[in-house]
Structure formats: C-alpha cells, structure tokens
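Let's take a walk through a protein together. Have a look at the fold first, and then we'll go through it piece by piece.

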Amino acid sequence: MGKWYEIARFPNRYERGLDCTMAIYTRLDAKKVLIMNQGRVARRPNVIRKATGTATMTDPADPGRITASFIKPFRSHICIIDILSDYRYALVGSPSRKYLWILSRQTNMPEADFNHLVEKAASLGFPVEKLTRTKQINTP
C-alpha cells in the first residue's frame, strides 16, 4: 500500500507521453485496493493525467496475483513478481509478459538494485530490452 514511483516500464498506450508517473494504493477491504495512477504530460509539464481504478486479489493463497480494472468491464491480470522485504522496490508485470513495471518508494533507485530487478524479469521471460526509464522530477 502507499505511494510508488515508476522507475521503468514497458511502453503502453495508457502511459504514452507521460513522465513523473506514480501510483497510490489504498486498501478498501481484505481483497480490494483502490489505485490512483498519475503522470505528468511530458510536453505540457503543468498538466497531470490521472486514472482511478481498483484491484482485487484473485487467490487468497497467492496475494501477489491481482486483477485490476480502470474501465469496466475491462480487466488486466497483474502479478507482483518481486518485492524487497522492506518494500523499497517492486517488480510488477502481467502473466502475458506484455506489461512490466519497476517501482520504488523513492523517485530513483541505485543502479545495482535496478539491474537486479531487470535480471529477475529477464529470468522469467520478460523481453527486458523493451524497458524504458521513466523520468522523475529529480532524474535526468
């Protein structure tokens, strides 16, 4: 739960033209989470685009598998692939390997940690060459 900054992602139509992207996750009940995504329109830095949706845990035995929905009736299956024990970084992707995100509690992360998450994704069959870094306020 809480605020997560996007460090890198696979290009996708939902985030096209955005930088400084982040998500805030708020627990609604034992199985449901409110998701508030936002990003700055890169060509118009004063414009923020937001999207609100929900995520539902699909299997209590595997809480890392969720179904997210921003526009009903459309849903996406997402997995929390890896998360550090102190919850500083997370690797999130889709079972289809079409989507992948590297998230951090801060707007940047040490390169060694980034490389570790990229290697983990590659070992699971994600085409990591598609990853693009997300510009955050304090990154070049």
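Two strands pair if DSSP finds at least two bridges between them. The helices (H or I, at least four residues) and the strands (E, at least two) are themselves DSSP runs, numbered from the N terminus. One thing to keep in mind: this is a predicted model, in which local features need pLDDT of at least 70, side-chain atom pairs count only at pLDDT 80 or more, and totals for chains, interfaces and linings use all residues. Residues are numbered from 1 along each chain as its sequence is written, and side-chain values use heavy atoms, with hydrogens and water left out.

Let's begin with a hairpin. E6 and E7 make one, with 5 residues between them, and Tyr87 in that turn has a positive phi of about 60 degrees. The two strands run antiparallel and are joined by 4 bridges; across them, Ile83 stands opposite Ala90 in E7. On its other pairing, E6 is joined to E5 by 4 bridges, again antiparallel, and here Arg65 faces Cys79 in E6.

Now go back towards the start of the chain. E1 and E2 run antiparallel with 4 bridges joining them, and Tyr5 stands opposite Met22 in E2. E2 also pairs with E3, in the antiparallel sense, over 8 bridges. Leu18 has Val41 in E3 as its bridge partner. E2 and E3 form a hairpin too, with 4 residues between them.

While you're at E2, look at Cys20, which lies in this strand. Most residues other than glycine have a negative phi, and most peptide bonds are trans. Phi of Cys20, though, is near 50 degrees, a positive value in a residue that isn't glycine. Is Cys20 buried or exposed? At 12% relative accessibility, Cys20 counts as buried (buried means under 20% relative accessible area, exposed over 50%, and partly exposed in between, with a 1.4 Å probe and protein chains only).

What about empty space? Rolling a probe the size of a water molecule over the atoms shows where it is left. The largest pocket here has a volume of about 1400 Å³. A pocket is found on a 1 Å grid over the protein atoms alone: it is an open set of points with protein on both sides within 12 Å along at least five of seven lines, whereas a cavity is a set where a 1.4 Å probe fits but cannot get out, and lining residues have an atom within 4 Å of a point. Grid points are joined across faces, edges and corners, and a volume is the space filled by probe spheres set on the points. Of the 46 residues lining the largest pocket, Tyr25, Ile35, Ile66, Ala68 and Phe70 are the closest to its centre. Strands E1, E2, E3, E4, E5, E6, E7 and E8 each supply at least two residues of that lining. The lining divides into 28 nonpolar, 8 polar and 10 charged residues (Ala, Val, Leu, Ile, Met, Phe, Trp, Tyr, Cys and Pro count as nonpolar, Asp, Glu, Lys and Arg as charged, and the others, Gly among them, as polar).

Next, the rings. How many aromatic pairs does a search of the whole structure find? There are 2. Rings of Phe, Tyr and Trp (its six-membered ring) pair if their centres lie within 6.5 Å; planes under 30 degrees apart count as stacked, over 60 as edge-to-face and the rest as tilted. Phe10 and Phe126 have ring centres 6.4 Å apart and planes at 55 degrees, so this pair is tilted. Phe10 lies in the loop between E1 and E2 and Phe126 in the loop between H1 and E9, so the pair ties together parts that are 116 residues apart in sequence. Phe10 is buried at 0% relative accessibility, and Phe126 is buried at 6%. In the pair of Tyr99 and Trp101, the centres are 5.8 Å apart and the planes at 5 degrees, so those rings are stacked.

The charged end of Lys130 sits over the ring of Phe10, 4.7 Å from its centre, and Arg97 lies over the face of Phe126, at 4.9 Å from the ring centre. (Such a charge needs NZ of Lys or CZ of Arg within 6 Å of the ring centre and within 35 degrees of the ring normal.) Arg97 is found in the loop between E7 and E8, and has a positive phi of about 70 degrees although it is not a glycine. With a relative accessible area of 30%, Arg97 is partly exposed.
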